[in-house]
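This briefing goes through one protein chain by topic. Please keep the sequence and the 3D view open while reading.

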Amino acid sequence: MKSDNNITILTTTETVYTDYDYDYPEYDEEDIYKKVYNVSTRLNIYLQMFTVVSNIIHLTILTRKDLRSISIFILMIAICISDIVNFFLDFYQAAVEIMWLPNVFPGEVTTCLREDYTEVNPGWQAISTVTAITRRLSVWLAILLVLIRTLSVMFPMNQSIQKLVKPKAAVWCISGAFLFWLVYSAWPLVTFRIFWLPDNMNKYCQKFSNNNSADAPSRYLLVAPAELPYLMSNLGFLEGIIKVLPAILYPILTVLLIFELRTIKKRRQNIKKEDGDKSDNTTKLLLFMTIMFTLSEGLAGVLDFLLYNLEALMEWNEDVS
């Protein structure tokens, strides 16, 4: 039994005593959840480390002079850099959580701040914002990459489409995508304020500081409106759409690309057999990437939809929620 601010929480590891003689068994659900969480967190950390290292190796190959002049590879370079930043920050957050690495942004949360604002840790807020930007950027740059590849194969003689294959077009695509997701992910920052604590204390601390002026806290705080988390939660449905949409677009574009590649293959029956084998390997790689991409983004979108409708799920079936 835990008590916090007059709110009593009964954990599932405690025995519930009643007037009945029957001894109810203790539930180990919480322990099971903890075990699954601990194992999955550590597995995720290892995968993140592997992803960062493999992307660094990938980046050294992509930055060769002969590859930097092709738009597809320029987009791959941007995706690679974005993934390195994203997975490294994810790795650091998880490693700090399980105390593998020190917290370089510890901070001290004050209880004296006025009620209509909450304190924000600048370091962790920056990490959270950059992580959100790079994740979305990587996903949608991948969509742009397969879109350009598909259009260039479907319309090889179209001059407008062929302009997309030029390096300049790739740079514009990367810049546009980055600016869009920067604005989308960082807009809550405009609501942040910097407060001088003695001038923005709650009533209790004001009364205390009047009696003990020497002990009154004095420092600057980065703060956000208290209702901001509620406003952000209302965007959960939109966030789910943003994550599910790539999982729908990517397979469609990939199927179109595979179809065009097979059509081209049939038209070139006089090509050597080994070239045909390369085409088959390309098709298998595209299918594998599509399945992984769809599972990753699709399940993340489903999770956001479930969290957005959590209250409705609890009313319908508490066990399912």
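Is Cys112 buried or exposed? At 12% relative accessibility, Cys112 counts as buried, where buried means under 20% relative accessible area, exposed over 50% and partly exposed in between, with a 1.4 Å probe and protein chains only. This is a predicted model, in which local features need pLDDT of at least 70 and side-chain atom pairs count only at pLDDT 80 or more, while totals for chains, interfaces and linings use all residues. Residues are numbered from 1 along each chain as its sequence is written, and side-chain values use heavy atoms, with hydrogens and water left out.

**Overall make-up**

- The chain has 10 helices and five strands; these are DSSP runs numbered from the N terminus, with helices being H or I of at least four residues and strands E of at least two.
- Of the 321 residues in the chain, 32% are buried.
- Among contacts with a separation of 6 or more, 75% are between residues 24 or more positions apart, a contact being heavy atoms within 4.5 Å.
- The chain exposes about 22000 Å², of which carbon and sulfur atoms supply 64%; accessible areas come from the Shrake-Rupley method with a 1.4 Å probe, and for residues only the protein chains shown count as cover.

**Cysteines**

- One disulfide is present in the structure, the term standing for a pair of cysteine sulfur atoms within 2.5 Å.
- Cys112 and Cys205 form this disulfide, with an S to S distance of 2.1 Å.
- The pair links distant parts of the chain, 93 residues apart: Cys112 is in the loop between α2 (71-97) and β3 (117-119), and Cys205 is in helix α6 (residues 203-211).
- The disulfide of Cys112 and Cys205 is left-handed, because the torsion about its S-S bond is about -75 degrees.
- Cys205 is buried at a relative accessible area of 6%, and Cys80 also counts as buried, at 1% relative accessibility.

**Strand pairing**

- β3 and strand β5 (residues 220-225) run antiparallel and are joined by three bridges; two strands pair if DSSP finds at least two bridges between them.
- Tyr117 stands opposite Pro225 in β5.
- Strand β4 (residues 193-196) is also antiparallel to β5, with four bridges joining the two.
- Arg193 has Val223 in β5 as its bridge partner.

**Salt bridges**

- Two salt bridges are found in a search of the whole structure, each being a side-chain nitrogen of Lys or Arg within 4 Å of a carboxyl oxygen of Asp or Glu.
- One of them joins the side chains of Asp116 and Arg114, at 2.8 Å from N to O.
- Asp116 is partly exposed at a relative accessible area of 35%, and Arg114 is partly exposed at 26% relative accessibility.
- Glu119 and Arg219 also meet through their side chains in a salt bridge, at 3.5 Å from N to O.
- This pair links distant parts of the chain, with Glu119 in strand β3 and Arg219 in the loop between α6 and β5, 100 residues apart.
- Glu119 counts as partly exposed at 24% relative accessibility, and Arg219 is partly exposed with a relative accessible area of 29%.

**Nonpolar surface patch**

- A nonpolar patch on the surface, with about 820 Å² of accessible area together, is formed by Trp187, Val190, Met232, Leu235, Phe237, Leu238, Ile241, Leu245, Leu249 and Tyr308.
- Patches consist of residues with over 30% relative accessible area and no salt bridge; like charges are joined within 9 Å, and nonpolar side chains (Val, Leu, Ile, Met, Phe, Trp, Tyr) within 5 Å.
- Helix α8 (residues 236-267) supplies five residues, the largest share of the nonpolar patch.
- Trp187 sits in the loop between α5 and β4 and is partly exposed, with a relative accessible area of 33%.

- Tyr184 belongs to helix α5 (residues 167-186).
- Neighbours within four places in sequence aside, Tyr184 contacts Arg136, Leu238, Glu239 and Ile242.
- A distance of 9.6 Å separates the C-alpha atoms of Tyr184 and Ala132, which are 52 residues apart along the chain.
- Met99, in the loop between α2 and β3, has phi near 65 degrees, a positive value in a residue other than glycine.
- Met99 is exposed, with a relative accessible area of 72%.
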